[in-house]
Structures are given as C-alpha cells and as structure tokens.
Amino acid sequence: MRRIVALAFLIGFALLPAGGAQSATPPLTVLLARHVPILILHPAERFGPVRVDGFLADSDLQRRTGTVWETIPGAPAAGGAGLRLDHRSCRAIEGVAAAPCYATAEEAHASEAVVYGKAFRTKSRIDLQYWIWYPYNDYSSTFPPGDVWQVHEGDWESVSVILDLSGRPIVVGLSKHCEGTRRSWSRVRRQGVRPVVYVGLGSHANYFGQGTFRHSPVCWPRELRDVVHALELDDRTGSGRTVRPRLVPVAANRPTWMRFAGTWGESGYVHFANNDPVAYPGSPRAPAFQDTWRAPVREELGWPRG
C-alpha cells in the first residue's frame, strides 16, 4: 500500500510544471492578444480607431521650402523628420466644420476597428502598448461645438497594460493630451482581462470612466495655455458605441510607415471667439517616435494617478 501511495506522489510531482505549481510566463504575443482594450466612444463621436491605410492613401507627402509646404513624390519612408503628411481633400483650418470631410473620406475606405500593438520586456516588467489611430482630432469646449475649438489631422493615442514578469497585470496607463494617467489594475473597469477605456469626444483623450473632466492645455500652443486655464475647458466621455478592436502587431521598423519620423498631418489650429484660427504644429509622429515607446514602463509609471 505504501508503495502505491509513493508511486502516486511521484507521478503527481512529475506532472507539475517546471518551477513548482506556477506555470511559465506566456509568450509576449499571447499576452499582447489577451489584454486588447475595449473602447467606449461618446455617442456624438464621428471617428473610431481605424487602420492608417486610408489616411495614407488620401494624403500627400510634403516638405517645407521657405515659408510654404510643397508636395513631393513618394510615400512615407524611413527618416524624414522634417516632412509631413497633408490630407489632400480636407482642410484643418476650417476647424470642427471640417470634421464631416475627414469622416466621409475615412468612411470610403471602410476600415475595420484596430489597435496597433507592441510588447516590451524590461528587467522587472512587461509593457503591453496598444496604439490607436484616429484620422482627425476635432475637440470643442462645448457640445454641440461652439466658438472654442482645437483641431489637427491625425491623432495617435495609447493604452498600456503593465505586467510583472509572470504575466500578472499591475497597472494600466492611458494617454491624454501629450501626457497620461495611470491606475492600478484592481481599480480599472474590465471585461474579463480586457481594460475598458472611455474616449473623450473629439479629443480622443483616454479616461477610466464616464463623465466630464478638466481639459489639459499641455497640447495647446504655449502662448495660449493661460487662456485655456482661465476658460476651464472640459473633456467629456459617454456611453456610446462600444468598440472591440482587432490587434495588429507592429515593430519599430514594420510596417514601413512606422519608420517615418515626420508628422501625421498638416498644421493644427485653435480658435477662440472673435479671433482668427491660430496655427501650431499639432499633428503627432508615429508611435516609435513617442516617449511611451522609447521609455516603456518608466514613462507610464511617471504619469499621475487617475
């Protein structure tokens, strides 16, 4: 009888995964696919997370010559920090009134909803980054839109899920207005193991809940930030369309557009009542040229708690 018990113990021990009862960390590709965020758009939002292909097809590559931008042949390639993309059919200077033009152009491409994903492993953490592309940022301080607005072509936002080296989620980081916020995994709303993110109307800033939030002026021209502070502008999120985007893995050098160091759009513009639109360099660069990508984990953990 004792021999039978001993044999059963040895068989059971042999079936345990290496390292005892804990299994090995899943591959990064598995983890990346596991935690793709779910996005909740405001009911009035015109733009969803789409592939970049439509915007690329509708845009010209340009370089600055003196005081003007001239169109040059070719597609975005490696480098080109001084270049920009410019949507050839729509004009951002028209502000929120241009949103239907950008929306109609994007609808012609019938893109599925996607996020672009990349997993990073550091000495102590795993950073799952999900990059979200919107063709147009058409923020207005009021709803319906009024006299105060900020617009720019192209909008790259991100959601980061930070794990320990065993693959256990610890923190979620959300981009918003050239910065971000973070929250412990235990306090994040989730569907299964997928974080739920609320997207600000027009600005596409990411938030952990539904409601009204003070709009940060960080992405506005420096000389106008005091005005923005005084106006006490708000972002608003709401329970509109729920988007469960498909994951598209990317790397620093693929697809080829990831290597383009120029800006994804022409000049941005801000507008206040009784003033002409003010131009500023508002369009973003590709994910691989942003701080979150260049300093994974460290950048997100440096964001304030939200």
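Strand S6 (126–140) gives the most to the lining of the second largest pocket, with 3 residues; strands here are DSSP runs (E, at least two residues), as helices are (H or I, at least four), numbered from the N terminus. This is a predicted model, where local features need pLDDT of at least 70 and side-chain atom pairs count only at pLDDT 80 or more, while totals for chains, interfaces and linings use all residues. Residues are numbered from 1 along each chain as its sequence is written, and side-chain values use heavy atoms, with hydrogens and water left out.

That second largest pocket has a volume of about 220 Å³. It is lined by 13 residues, and the closest to its centre are Ala-44, Arg-46, Asp-138, Pro-145 and Leu-201. A pocket, on a 1 Å grid over the protein atoms alone, is an open set of points where a 1.4 Å probe fits, with protein on both sides within 12 Å along at least five of seven lines; lining residues have an atom within 4 Å of a point.

Now for the largest pocket, which holds about 780 Å³ of space. Among its 30 lining residues, His-177, Cys-178, Cys-219, Pro-284 and Gln-290 are the closest to its centre. Strand S7 gives the most to this lining, with 6 residues.

Two of those names turn up again: a disulfide (cysteine sulfur atoms within 2.5 Å) joins Cys-178 to Cys-219, S to S 1.8 Å. Cys-178 sits in the loop between S8 and S9 and Cys-219 in the loop between S13 and H5, so the bond ties together parts 41 residues apart in sequence.

The whole structure has 2 disulfides. Cys-90 and Cys-101 are also joined, S to S 2.1 Å.

Conventions. Points joined across faces, edges and corners; volume = space filled by probe spheres on them.
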